[in-house]
Every structure is written in structure tokens, then in C-alpha cells.
Amino acid sequence: MRRPLGELESTIMDRMWSNRRPASVRDVLEDLRREREIAYTTVMTVMDKLHTKGLLRREPVGRAYVYEPISTKEAYTAELMRHALASSNNQAATLVHFLERLTPEESTALEAALQVFPPKSHRP
């Protein structure tokens, strides 16, 4: 299981997920430089680490790589949530605490998700 992403890893993955198209290090660098000063080698190192962690796939194009996410942000987030639940000593209590903290919008989203994918006990 993956650990949560660091700040720069998260920023880069958010860009990759929102762009929905393959991108080179240079593409990501130019996007990031709109908000901060950052070195090409820093972005290259982080994207290489994201590739090694299994979050980005890459294909060589000329002398560089083009990267794209392996899964969606939603799938990654679900994996983090599942790991957090699995690591609890009391999963029922963990779920109760989680549910107590849901906003009305999150509650509505949970209800909608359960309509699409009912619990195993309710599946045919």
C-alpha cells in the first residue's frame, strides 16, 4: 500500500489527473512555474519517483519521457481510505468516527454510491 503523497508529489499528480493527457516533465514544469519557481531536475526527480511508486507510467519520446497516471484520483483515494480502514484495530469504530464527520454533501455522495454499489449483504 502506498503512503499518502508528499506536497509536491500531490501537486504534480493533481495536475496529471486534471489534465487527462500524457505530459512531459517540461509540460508539468511550465504549468508549475505559473505559481512557483521550481527547477526542472526537481520535477523530473519527483515524476521519476511517482513512476517508481506505480502512480505514473512513462513512454520514451525522443530523449525524454511522456508520463500519464496509471489510475484515477478517485481510485488512488479509495486505496488510501481502504488502507486506513484495514490498519484500524476497530474498523466499526473507525467507520462510525468517519461517518460522524461527513458533511451533508459527503453524506449525499455516500448514499448515492451505496445505490450504485450496495453492501455485499444486499447484493444478489
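**Helix packing**

Reader: What is I12 in contact with, leaving aside neighbours within four places in sequence?
Author: I12 is in contact with V28, L32, V43, V46, M47 and L50. Contact means heavy atoms within 4.5 Å. This is a predicted model: local features need pLDDT of at least 70, side-chain atom pairs count only at pLDDT 80 or more, and totals for chains, interfaces and linings use all residues. Residues are numbered from 1 along each chain as its sequence is written, and side-chain values use heavy atoms, with hydrogens and water left out.

Reader: Which residues touch the most other members of the largest nonpolar core?
Author: I12, M16, V28, V43, M47 and L50, out of 20 residues. A nonpolar core is a set of buried Ala, Val, Leu, Ile, Met, Phe, Trp, Tyr and Cys residues joined through side-chain atoms within 4.5 Å. Buried means under 20% relative accessible area, exposed over 50%, partly exposed in between (1.4 Å probe, protein chains only).

Reader: Which element gives the largest share of this core?
Author: α1, with 5 residues. Helices (H or I, at least four residues) and strands (E, at least two) are DSSP runs, numbered from the N terminus.

Reader: Switching to α2. Which of its residues are buried?
Author: V25, V28, L29, D31 and L32, within residues 25-32. They sit on the same side of α2, because their arc around the axis is only 165 degrees. The arc is taken from the directions from the helix axis to the C-beta atoms.

Reader: What covers them?
Author: The cover includes α1 (7-19), β1 (23-24), α3 (40-52) and β3 (64-69).
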